[in-house]
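The following exercises concern a single protein chain. Please study the sequence and the structure before working through each solution.

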Amino acid sequence: MALSGKLSIEIVIHAPSGKFFNLVSKSLHQIQNICERVHHAKLLQGEDWQSIGGSVKHWTYVIDGKVTTCKETIECIDEKNKTMKFNLFDGEISQQYKVLKLTMQEIDNSNGSVSAKWTLEYEKINDNVEAPYGYMEYCDKCTKEMDAHLLKA
């Protein structure tokens with residue numbers, strides 16, 4: 001059984017192109033007020049939620065019906081390709097995974113629709129740990145809640 005892998009999910013969103021990426025890349029601190037599964041987020045280190053590598057956030061959220069915590073840093077923000085990469089660590093994550101990196105990309109599809117694509121790269125600490133499928137469900141639900149919020153705004 002492989003210890004490392006990659007999971008991906010792509011969700012069609014209805015908000016105009018650029019709005020979803022703008023929410024995640026410039027207003028990350030608002031996610032806790034929008035998504036039911038995000039209970040709390042706090043800036044632990046740094047002066048800016050969007051600082052690449054310079055800020056550490058502490059998140060409390062629900063995965064697989066269980067309240068979970070982790071820390072997160074942003075590895076990169078690519079405005080041109082509307083892509084962000086996050087490194088998730090500590091808390092319950094470090095008990096199951098050596099590496100957990102989450103990439104979000106907003107995609108303008110050729111048919112005029114817009115999608116949010118989430119890709120999770122992981123390395124489990126051993127073969128007894130399941131792949132992080134709960135995080136894909138979490139991304140799906142949060143994306144739909146953020147999209148609904150953007151449509152109301």
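**Exercise 1.** State how many helices and strands the chain has, and give their order.

*Solution.* Step 1: the chain has four helices and seven strands, where helices (H or I, at least four residues) and strands (E, at least two) are DSSP runs numbered from the N terminus. Step 2: read from the N terminus, the order is β-α-α-β-β-β-β-α-β-β-α.

The model is predicted: local features need pLDDT of at least 70, side-chain atom pairs count only at pLDDT 80 or more, and totals for chains, interfaces and linings use all residues. Residues are numbered from 1 along each chain as its sequence is written, and side-chain values use heavy atoms, with hydrogens and water left out.

**Exercise 2.** Determine why the radius of gyration of the chain agrees with that of a compact globule.

*Solution.* Step 1: the rule for a globule is 2.2 Å times the number of residues to the power 0.38, and the radius is taken over C-alpha atoms. Step 2: for 153 residues the rule gives a value near 15 Å, and the chain has 15 Å, so the two agree.

**Exercise 3.** Describe the surroundings of S115.

*Solution.* Step 1: S115 lies in strand β7 (residues 114–124). Step 2: its relative accessibility is 2%, so S115 counts as buried (under 20% relative accessible area, with a 1.4 Å probe and protein chains only). Step 3: leaving aside residues up to four places away in sequence, S115 touches several residues, including E10, I11, V12 and I107; contact means heavy atoms within 4.5 Å.

Terms used
Buried < 20%, exposed > 50% of the residue type's maximum accessible area, 1.4 Å probe, protein only.
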